[in-house]
Amino acid sequence: MKSQRAALVADTAITVLADGGVHGLTHRTVDETAGLAPGSASNVARTRLALLELALERLAELDTVAFGLGAEPIVPEGMATAAVLDIFAAMTARTLHVRLTSERRQSIARYELAMEATRHPGLRELYDAVSRRLRDPVMAMFTALGSPDPARHGQQAVAFLEGVMFDALAGAGPEPTEKDIRLGVRELFRGMLGQ
C-alpha cells in the first residue's frame, strides 16, 4: 500500500465486505468502521470501484506475503521433487488453514470481490491480473519439477485449493484440518507428477 491511510481504508473495506457483503461497502461505512473523519475513504479511493480495487490490491498483498510468493523461486535449486512437494504442501496447508480460521474475513471478502468482478469489467481486469500474480508461481513450480503440462497442472492445483477454501467457507463441507489439507495437496501434486 502506498500509505498507512490507504492500508487502513483497504483493511477496513475488507472487514466491511466480509461482514456486510459487497452491497454494504460504501465510503461512509468505511469511514465509520475505521473511526475516520467523513470523506477520508473517498480521499484515498474516489469512487466505489476504486474502493473495491483498493481492497482487492490489499488482499493480493496479504496473499503474496502469506504464501511466500516473493522474489525467491518456490523450488530451490537442487532440491528433490518429493521434498519440494512436502514443503509446498505443508506451507500451503498452514496458510489455507489460517485463511479458514483467524483470517476468515479476508477469504470471505475475496469471494465477495470475485463475484462482483463478474459484473464489472474494470474490476474483472484487475482481479485477473491479481490472480495471475498468485497463479504464475504455482505454474513455475510445476515447470521446475518437470511437469509435462505445467500450465494445466498449475490451473488444476489452484482450482483444487480454491475448492477447498470455498467448500469450507460457503459450501456444505466441514472445515478441513491443516493435516487434511496437507495430505490432499501432497496427493494431488504427486499424482500430477507421477510420483
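This is a predicted model: local features need pLDDT of at least 70, side-chain atom pairs count only at pLDDT 80 or more; totals for chains, interfaces and linings use all residues.
A residue counts as buried when its relative accessible area is under 20%, as exposed when that value is over 50%, and as partly exposed in between.

Now for the aromatic pairs. The structure holds 3 of them. In one, the ring centres of Phe88 and Phe189 sit 5.5 Å apart with the planes at 20 degrees, which makes the pair stacked because planes under 30 degrees apart fall in that class. Phe88 belongs to helix α5 (residues 81–100) and Phe189 to helix α9 (residues 178–192), so the pair links distant parts of the chain, 101 residues apart. Phe88 and Phe189 are both buried. Together with Phe142, Phe88 and Phe189 make up one aromatic cluster.

Another pair brings back the two residues from the opening. The rings of Tyr111 and Phe166 have their centres 5.4 Å apart, and their planes stand at 80 degrees, so this pair is edge-to-face. Since Tyr111 lies in helix α6 (residues 104–117) and Phe166 in helix α8 (residues 150–169), the pair ties together parts that are 55 residues apart in sequence.

Helix α6 deserves a look of its own. Its 14 residues reach 20 Å from the first C-alpha to the last, close to the 20 Å expected at 1.5 Å a residue. Buried residues of α6 include Arg110 and Tyr111, along with Gln106, Ser107, Ala109 and Leu113; Ala114, Glu116 and Ala117 are also among them. The buried residues of this helix pack against α1, α4, α5, α7 and α8.

The largest nonpolar core has 28 residues, and Leu113 is listed with Leu17, Leu25 and Val30 as having the most contacts inside it. At least two residues of this core come from each of α1 (4–20), α4 (48–66), α6 and α7 (121–144). Setting aside neighbours within four places in sequence, Leu17 touches Val22, Leu25, Leu52, Ala55, Ala109, Glu112 and Leu113. A second, separate core holds 25 residues, including Phe67, Leu100, Leu145 and Ala168.

Conventions:
Residues are numbered from 1 along each chain as its sequence is written. Side-chain values use heavy atoms; hydrogens and water are left out. Rings of Phe, Tyr and Trp (its six-membered ring) pair if their centres lie within 6.5 Å; planes under 30 degrees apart count as stacked, over 60 as edge-to-face and the rest as tilted. Helices (H or I, at least four residues) and strands (E, at least two) are DSSP runs, numbered from the N terminus. Buried means under 20% relative accessible area, exposed over 50%, partly exposed in between (1.4 Å probe, protein chains only). A nonpolar core is a set of buried Ala, Val, Leu, Ile, Met, Phe, Trp, Tyr and Cys residues joined through side-chain atoms within 4.5 Å. Contact means heavy atoms within 4.5 Å. The expected span of a helix is 1.5 Å times one less than its number of residues.
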